[in-house]
Amino acid sequence: MQFHHHGYVSGDPRLLPAEGTGLSRPDRLPDVMDVLVVGTGPAGIVAAAQLSMYPSVTTRVVDRRPGRLEIGQADGIQARSVETFQAFGFAGRIIAEAYRITEMAFWKPDPHDISRIVRGAVAVDDEHGISEFPHLLVNQARVLDYFTEYMANAPTRMKPDFGWEFRGLEVTDGDHPVRVTLVRTVGDRAGEERIVRAKYVVGADGARSGVRDAIGARHLGGNAFHAWGVMDILAVTDFPDIRTKCSIQSEAGNILLIPREGGYLFRMYVDLGEVAPDDNGAVRRTTLGEIVAKANDILHPYRLEVKDAPWWSVYEVGHRLTDRFDDVPVDLIGTRTPRVFITGDACHTHSAKAGQGMNVSIQDGWNIGWKLGQVLSGRSPDTLLATYSAERHVVAQNLIDFDREWSTLMAKKPEEFESPSALEDFYVSTAEFPAGFMTQYQPSMIVGDDIHQSLVSGFPIGKRFKSARVVRVADANDVHLGHHHRADGRWRVYAFADAAPGEPSALAEWADWLASSPESPLAMYARPDEDVDSVLDVKVVYPVLHGEVELGRVPGVFLPRTGPFELIDYEKVYARHPDEDIFAARGIDPAVGCVVVVRPDQYVANVLPLTATEELAAFFARFLVPAGVPAAAG
């Protein structure tokens, strides 16, 4: 964490100085704004948190609830989400309070007495090292709390506007063309109607989204006609794996057991069986007592005595996907700028057992958040916004397909499996998908093609930047290269050197071009009153040990001056780690090197040779607006 570059900081360094809209932010919901976010669930709060880092952008986030969420229904935190938490500065704190999944146990009927269950197998969680971050379980409400704190500490001093319900919108003309009707839900003014105007609206208002209905998007799909009871409980039991994630299959049905944070609480998804097409919702009237009784039948010979149930519900498995994620009809895509976007459950609904709802929603929110920030701050043209629906719709379809297969397997009876190990085999073989790492964005204005992918096999273009250990040269600290990537809207450019500093190399020539050429992205996009790295954060990794790197020989572009005192930033120069060579681990030839460009949301955007300066300049010209040139910001 870097601070003091604008002067001595004596308090909490996470509280950034107020800037722009944060200097005089009104408590009352204004009549006009740049962005209105509807809903404070995971997708909405992440979009708002990212936008809170753009001081020139006025963002408000409304929710019909009177205050913060207290008990969240989602609790599974995949490793990709924890990487995201690191970018927003709270991964360490949430890991400390969460339950960490290290393995999953699979219980099955005892072949000698099928009325009883026995432990059949145990699978290690992330045995392939997909991420350095763990798989966690923690109340969704706590995740929202951390993002809300981030907003409050950001330069814009953002906070949610609770007590406002969305009633409708229409897209008109003018500088703030989206006309939104809101109704007050709390206090003396409950029932009062307000009309506000925004340049853009983000609908993060859940599976029954009013924003989705208002733009005429269709939520397509249906129910699987299978019901589950779910309960968060404090209980006494003799089941030995009660603090381990478990799949439990028995002759009486199935359970997915999810231990929760705190050491005592756990969640059970209890199989209630098939639902008749003419059920008309009767299964949803299943009582807590009936769910507990069913759980005891499944757990035989073990017993479960429930002491408290803070939350429980009954749901039918359904799989639905919205046909588009913005207000541009499918037959008009590319003809106009989208003004209204939908995210999270408003776009995709599925079962809860793969732990994907909150995790995919977080990435929805981050994706649209940074893109709106770039456009509204004049960094990018408004054509960038069309990439949101194009990118995230594919991800949601893949999620629905995966969850349909996983939830079907979870509901099967033991005798219906072709192999006794089929469930655990599927769990292990597909681990990368539920962990959040199968997303791979296709070539677009912000994702390059794979012409030079052979330079670095371990950073696939379109997939998230997989961090690795390096040594920071200035202080010899062992750090993760990707952990310096904060959610500040900047693009990252990683130069992997082809020689040590001071030696003739392609890296030295590339650095000279970057520092002195008028075509350099550093010269093109940083504004006169900004630090040189305000748009592009450029770092170098040398293929030698840190003791072989003399800072005095490192090109100056990697030691930029920052802040009003023009202090030197020493946290951009790295060397390979003695025990984990990033060049070998990611398939980079240390005699050739390469350049890896990473988007503000941590996805690899391009891979280029160190000699391809014209290609690098042309790539950024596709989506960045040169300093001093007005952008179509809506």
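**Labels and their grounds**

User: Why is S361 called buried?

Analyst: This is a predicted model. S361 has a relative accessibility of 4%. Buried means under 20%, so S361 counts as buried.

User: Where in the chain is S361 placed?

Analyst: S361 lies in helix 7, which covers residues 357-376.

User: Which residues is S361 in contact with, leaving aside its neighbours within four places in sequence?

Analyst: They are P42, A43, G344, D345 and H348. Contact here means heavy atoms within 4.5 Å.

User: What makes the radius of gyration of the chain agree with a compact globule?

Analyst: For 634 residues, a compact globule would have a radius of gyration near 26 Å. The chain has 26 Å, therefore the two agree. The C-alpha trace spans about 75 × 60 × 50 Å along its principal axes.

User: How much of the chain is buried under that cut-off?

Analyst: Buried residues are 56% of the 634. The accessible surface of the chain is about 25400 Å², and carbon and sulfur atoms hold 51% of that surface.

User: What share of the contacts with a separation of 6 or more comes from residues 24 or more positions apart?

Analyst: Such residues account for 75% of those contacts in the chain.

User: How many helices and strands are there?

Analyst: The chain has 13 helices and 27 strands.

Notes: Residues are numbered from 1 along each chain as its sequence is written. This is a predicted model: local features need pLDDT of at least 70, side-chain atom pairs count only at pLDDT 80 or more; totals for chains, interfaces and linings use all residues. Side-chain values use heavy atoms; hydrogens and water are left out. Helices (H or I, at least four residues) and strands (E, at least two) are DSSP runs, numbered from the N terminus. Buried means under 20% relative accessible area, exposed over 50%, partly exposed in between (1.4 Å probe, protein chains only). The radius of gyration is taken over C-alpha atoms; the globule rule is 2.2 Å times the number of residues to the power 0.38. Accessible areas come from the Shrake-Rupley method with a 1.4 Å probe; for residues, only the protein chains shown count as cover.
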